[in-house]
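Please have the sequence and the model in view while I speak.

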Amino acid sequence: MSSLSKSIVLCAAVLILGAFMGMDSATPWTVSSEGGLRFTILYDNYLHEKGTQPDWGFSCLIEGTEKIILFDTGTQPQILMHNVDALDVDLKKVGQVVISHDHGDHTGGLSAVLERNHEVTVYYPVSFAQEFGQRIGRAQAKAQTVDEPVEICRDVFLTGEMGDEIKEQSLIIDTPKGLIIVTGCSHPGIVSILERAMEIRDKPIRLVFGGFHLGDKTEAEMQKIIAGFKALKVEKCGATHCTGDAQIAMFKKAFGENYVPMGTGRVFEVAD
């Protein structure tokens, strides 16, 4: 073989190896596509990316929608900001903030977010105390309560306030291939949230991820919940935060390669 041929073979081998090493075998659904949706987990109980800090709570940045959306804000402002900076996220580009429910592990970082960017609209359930909206106003941001299902920007909807003791809302993105649902803690019941989403937008569920609040569920109860997912033909899921370790393991087993891992610093893109 000539020197030139050897060089070509070597270069090809390096490119193939580099592509292989860049693939995440645990996340086969991750794609790269211009014009698609991009999700970045900023706050979570679990670590994905070295250099970020895990902590009890949840926050997710959503890009590719008409407006960039921050869904929930975690617990500790300093941890949220550490992860924001570590992931080189520019909060000044955020146009909307959605708060799922009135628990500190979802609202704790809001003040720090508004210090960096007060030119946002904050959507939160109408049952929140009046003081919550007043604090948003004092930060010079716009407070918007949510009662019924509402479209907050093109193809992005909120379920409206759900639940009895703990009121909560979830976020729905209507894509050409189905719905993507983001949940905070799913206190009203994760299957009920999925059913509500399909009532609002009569489409199949492409992906649901976030906290499912199932840590106290028995194996039998979990099997029933997973059966509910299957009955609704949920394509993919990513359970995290308050779901429970054993319960997350059951979702991983049930969905196999269609399970989407979460954790701080996790970034995944979804093609249109």
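I begin with N83, which counts as buried because its relative accessibility is 0%; buried means under 20% relative accessible area, exposed over 50%, and partly exposed in between, with a 1.4 Å probe and protein chains only. This is a predicted model, in which local features need pLDDT of at least 70 and side-chain atom pairs count only at pLDDT 80 or more, while totals for chains, interfaces and linings use all residues. Residues are numbered from 1 along each chain as its sequence is written, and side-chain values use heavy atoms, with hydrogens and water left out.

N83 belongs to helix α2, residues 77-86. Helices (H or I, at least four residues) and strands (E, at least two) are DSSP runs, numbered from the N terminus. Which residues does N83 touch, if those up to four places away in sequence are not counted? They are L42, T52, Q53 and T264, where contact means heavy atoms within 4.5 Å.

Helix α2 lies across β1 and β2, and runs at about 140° to β1. For such values, axes are lines fitted to C-alpha atoms, for helices over the stretch in contact, and angles run from 0 to 180 degrees between N-to-C directions. After α2 comes D88, with a positive phi near 55°.

In β2, four of the five residues are buried, so the strand is largely enclosed by the rest of the structure. β2 is joined to β1 by five bridges, and the two run antiparallel; two strands pair if DSSP finds at least two bridges between them. Within that pair, F39 stands opposite I62 of β2. β2 also pairs with strand β3 (residues 68-71), again in the antiparallel sense, over three bridges, and here I62 has I69 as its bridge partner. The hairpin of β2 and β3 has four residues between the strands, and G64 takes a positive phi near 105° in it.

These strands are part of an open sheet of seven, in the order β6-β5-β4-β3-β2-β1-β13, with mixed pairing. Its edge strands are β6 (142-146) and β13 (267-270), each of which pairs on one side only. From one strand to the next, the twist averages 20°. A parallel pair is found at β4 (residues 94-98) and β5 (residues 121-125), joined by three bridges, with V98 opposite Y123 of β5. Helix α5 (residues 130-138) lies across β5 and β6, at about 175° to β5.

There is also an open sheet of six strands, ordered β7-β8-β9-β10-β11-β12, and its pairing is mixed. β7 (150-153) and β12 (236-240) stand at its edges with a single partner strand each, so one side of each has no neighbour in the sheet. Three bridges connect β7 with strand β8 (residues 156-158) in an antiparallel run, and C153 stands opposite V156 of β8. Helix α6 (residues 190-200) lies across β8, β9 (171-175), β10 (178-183) and β11 (205-211), at about 140° to β10.

My last topic is a helix pair. How do α7 and α8 cross, and how close do their axes come? The axes of α7 and helix α8 (residues 245-255) come within 11 Å and cross at roughly 40°. The two are therefore oblique to each other: angles under 35 degrees count as roughly parallel, over 145 as roughly antiparallel, 65 to 115 as roughly perpendicular and the rest as oblique. The contact is made by E219, M222, Q223, I225, I226, F229 and K230 of α7, and by Q247, M250, F251, A254 and F255 of α8. These residues divide into eight nonpolar, two polar and two charged. Here Ala, Val, Leu, Ile, Met, Phe, Trp, Tyr, Cys and Pro count as nonpolar, Asp, Glu, Lys and Arg as charged, and the others, Gly among them, as polar.

Among the contact residues is E219, which lies in α7, residues 219-231. E219 is exposed, at a relative accessible area of 56%.
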